[in-house]
Amino acid sequence: MLDKVKELIGEVNEFQATTPEAVEDFRIKYLGKKGLLNDLFAEFKNVEPALRKEFGQALNTLKNAAQDKVNTLKDNLESADEQKGFYGDLTRPSEPIELGSRHPISIVKNQIIDVFSRIGFTVSEGPEIEDDWHNFTALNLPEYHPARDMQDTFFIEKDPDILLRTHTSSVQVRYMENNEPPIRTISPGRVFRNEDISARAHCIFHQVEGLYIDTDVSFADLKQTLLYFTKEMFGKSKIRLRPSYFPFTEPSAEVDIYWGLETETDYKITKGTGWLEIMGCGMVDPNVLKNANIDPTKYSGYAFGMGIERIAMLLYQIPDIRMFYENDVRFLEQFKTVL
Ligand code: PHE
């Protein structure tokens with residue numbers, strides 16, 4: 001009897017299993033209700049009293065060995081499972097991750113860049129804090145020029161004047177100073193004007209300005225480029241140019257697109273005319289070329305500039321410009337599906 005138990009202890013210690021089923025079979029075989037250990041404990045009463053102590057100890061050793069074996073085998077199998085499952089269960093539904101969204105200003109800016117890059121324009125950027133030369137003087141706006149009042153300015157320092165740029169035309173001056181014609185570039189960026197904040201105006205907004213300089217550039221080139229832009233951007237193919245004034249272009253014009261009068265909103269935003277003003281433009285004034293060391297007898301060019309907010313408001317029917325800067329998630333979330 002005792003020998004049998006000792007033999008079993010050896011067997012238990014030797015036992016190995018690679019599947020949970022094998023471990024379970026082993027447990028049932030030794031520790032189950034009808035298992036070997038219960039049988040052996042039942043034999044206890046038949047053992048001679050003198051041998052009972054040793055037999056009892058051997059049985060306990062066997063029982064503990066079997067129990068330990070089951071526990072270690074189970075642990076080993078579980079940790080092996082965990083390692084195998086490094087990526088988890090791939091068929092499980094994923095954790096809900098909140099998708100971010102692009103800001104509508106970025107969406108529209110990228111669309112504008114896209115349209116112009118398809119006809120060879122590059123993107124140029126410049127500083128938001130500017131000097132007087134690049135924001136005003138080089139653009140044909142000498143000191144005390146009354147047109148400086150067209151763009152109320154935030155000054156950072158006086159004498160020499162350092163200011164927050166009032167338009168991205170300043171980037172175009174920098175670009176002309178550092179590049180030879182032919183020039184085809186658009187300058188998107190944030191601009192600042194000391195204006196009262198309302199639903200239609202803000203002291204911070206964004207612009208995209210374009211500049212094209214080459215030999216023999218004409219007003220017709222400008223018009224055709226703008227027509228291409230409005231077709232691509234808005235799907236509208238009727239524009240008109242109204243004479244206007246900018247110090248840095250001559251002649252200058254405001255560009256209106258024919259938006260139509262199909263819906264009530266169309267009536268509202270076009271004030272019943274069907275026409276919408278979307279940008280300013282003109283032929284670069286020879287003085288501006290001269291200021292940037294480009295020979296105006298050899299080269300000519302056109303420039304245009306538009307507000308990104310205004311275009312985003314049109315495209316997404318946003319009623320109030322302040323919404324762009326409040327970062328209200330209820331507003332921002334609505335642009336989730338737009339890339
Ligand atoms: N810089 C002008 C503005 O900010 C826009 C413009 C750019 C007009 C280029 C004409 C030509 O209002």
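Is glutamine 207 buried or exposed, and what is its relative accessible area? Glutamine 207 is buried, with a relative accessible area of 8%. Buried here means under 20% relative accessible area, exposed over 50%, and partly exposed in between (1.4 Å probe, protein chains only).

The model is predicted: local features need pLDDT of at least 70, side-chain atom pairs count only at pLDDT 80 or more, and totals for chains, interfaces and linings use all residues. Residues are numbered from 1 along each chain as its sequence is written, and side-chain values use heavy atoms, with hydrogens and water left out.

The domain assignment gives domain 1 (2-87) and domain 2 (104-335). These bounds come from an automatic or database domain assignment. The centres of domain 1 and domain 2, taken over C-alpha atoms, are separated by 85 Å.

An open sheet is formed by 7 strands, in the order 1-5-6-10-9-8-7, with mixed pairing. Its edge strands are strand 1 (122-123) and strand 7 (239-246), each of which pairs on one side only. Helices (H or I, at least four residues) and strands (E, at least two) are DSSP runs, numbered from the N terminus. Two strands pair if DSSP finds at least two bridges between them. Strand 7 pairs with strand 8 (residues 249-258) in the antiparallel sense, over 7 bridges. Isoleucine 239 stands opposite isoleucine 257 in strand 8.

Helix 5 (residues 104-117) packs on the sheet and touches strand 1, strand 5 (183-192), strand 6 and strand 10 (300-307). The direction of helix 5 makes about 165° with that of strand 5. Helix 7 (residues 169-178) also packs on the sheet, touching strand 1, strand 5, strand 6 and strand 10. Its direction makes about 35° with that of strand 6. Axes are lines fitted to C-alpha atoms, for helices over the stretch in contact; angles run from 0 to 180 degrees between N-to-C directions.

Glutamine 207 is found in strand 6 (residues 204-214). A polar atom of its side chain lies 2.9 Å from the backbone nitrogen of threonine 168. Beyond neighbours within four places in sequence, the contacts of glutamine 207 (heavy atoms within 4.5 Å) include His167, Thr168, Arg193 and Met306.

The largest nonpolar core has 42 residues. Such a core is a set of buried Ala, Val, Leu, Ile, Met, Phe, Trp, Tyr and Cys residues joined through side-chain atoms within 4.5 Å. Ile112, Phe229, Phe304 and Met306 touch the most other members. Helix 5 gives the most to this core, with 7 residues.

How values were computed. Polar contact = N/O pair within 3.5 Å; in protein donor to acceptor, adjacent residues only side chain to side chain.
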